[in-house]
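Please view the sequence and the structure before reading on.

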Amino acid sequence: MILSQTIEANSLVTLHYRITLPNGQPLISTFEATPATLQLGAGEMLPGMEKLLLGLAPGARQVFELTPENAFGPHRTELVERVKREHIPDEEIEAMSIMEFTAPDGSRYSGLVREIDAQSALIDFNHPLAGKHIRLEVEVIGIL
């Protein structure tokens with residue numbers, strides 16, 4: 001197998017990465033653990049992040065600042081819904097906790113309970129990082 005010199009659109013890449021908020025608050029990092037191996041173009045990484053990796057070579061270490069549009073998308077108000085209490089599992093639920101829901105087709109999805117009372121709950125189905133600027137740091141280890 002011939003190792004590529006730089007990352008291309010369909011490369012298999014081994015790298016360390018760290019995602020933080022602009023203030024440095026860490027969200028996820030592989031630098032203290034096993035590096036990640038990702039197949040570009042396979043949906044394993046956001047397309048906006050994949051584009052930033054193109055052309056990087058093994059040994060490259062780079063930091064990128066991403067706007068919400070290039071990261072986890074804008075916060076969409078239509079994904080915040082008020083759900084009647086009778087449609088919520090009968091369990092102890094607190095505001096700012098994550099709940100899992102099952103769609104009629106059997107698929108599962110999560111939502112953040114923004115507020116809850118005896119009648120209903122306000123559930124935010126946006127990705128937790130939607131609408132946020134993030135910092136992505138990568139260190140390319142190898143390219144296949």
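How much space lies in the largest pocket?

## Largest pocket

In this predicted model, the largest pocket holds about 160 Å³ of space. Its lining is made up of H75, I98, S110, G111, L112, R114, D124, N126, H127, P128, A130 and K132.

Sorted by class, the lining of the largest pocket has five polar, four nonpolar and three charged residues. Strand β7 (residues 108–116) supplies the largest share of this lining, with four residues.

## D124 in the lining

D124, one of the residues that line the largest pocket, sits in strand β8 (residues 120–124). D124 counts as buried because its relative accessibility is 3%, and the cut-off for buried is under 20%.

The side chain of D124 makes polar contacts with two side chains that also belong to lining residues of the pocket. The contact with the side chain of R114 is 2.8 Å, and the contact with the side chain of H75 is 2.9 Å.

## Domains and annotation

The protein chain is split into domain 1, with residues 12–72 and 131–143, and domain 2, with residues 77–124. A distance of 31 Å separates the C-alpha centres of domain 1 and domain 2.

According to an unreviewed UniProt entry, residues 10–99 carry the annotation "domain: PPIase FKBP-type".

Methods. Residues numbered from 1 in each chain as written. Predicted model: local features only at pLDDT ≥ 70, side-chain atom pairs only at ≥ 80, totals over all residues. Heavy atoms only, no water. Domains from an automatic or database assignment. 1 Å grid on protein atoms, 1.4 Å probe; cavity = no way out; pocket = protein on both sides within 12 Å on 5 of 7 lines; lining within 4 Å. Points joined across faces, edges and corners; volume = space filled by probe spheres on them. Helix = DSSP H or I, 4+ residues; strand = E, 2+ residues; numbered from the N terminus. Nonpolar A, V, L, I, M, F, W, Y, C, P; charged D, E, K, R; others polar. UniProt positions renumbered as here; feature names shortened; annotations may be inferred. Buried < 20%, exposed > 50% of the residue type's maximum accessible area, 1.4 Å probe, protein only. Polar contact = N/O pair within 3.5 Å; in protein donor to acceptor, adjacent residues only side chain to side chain.
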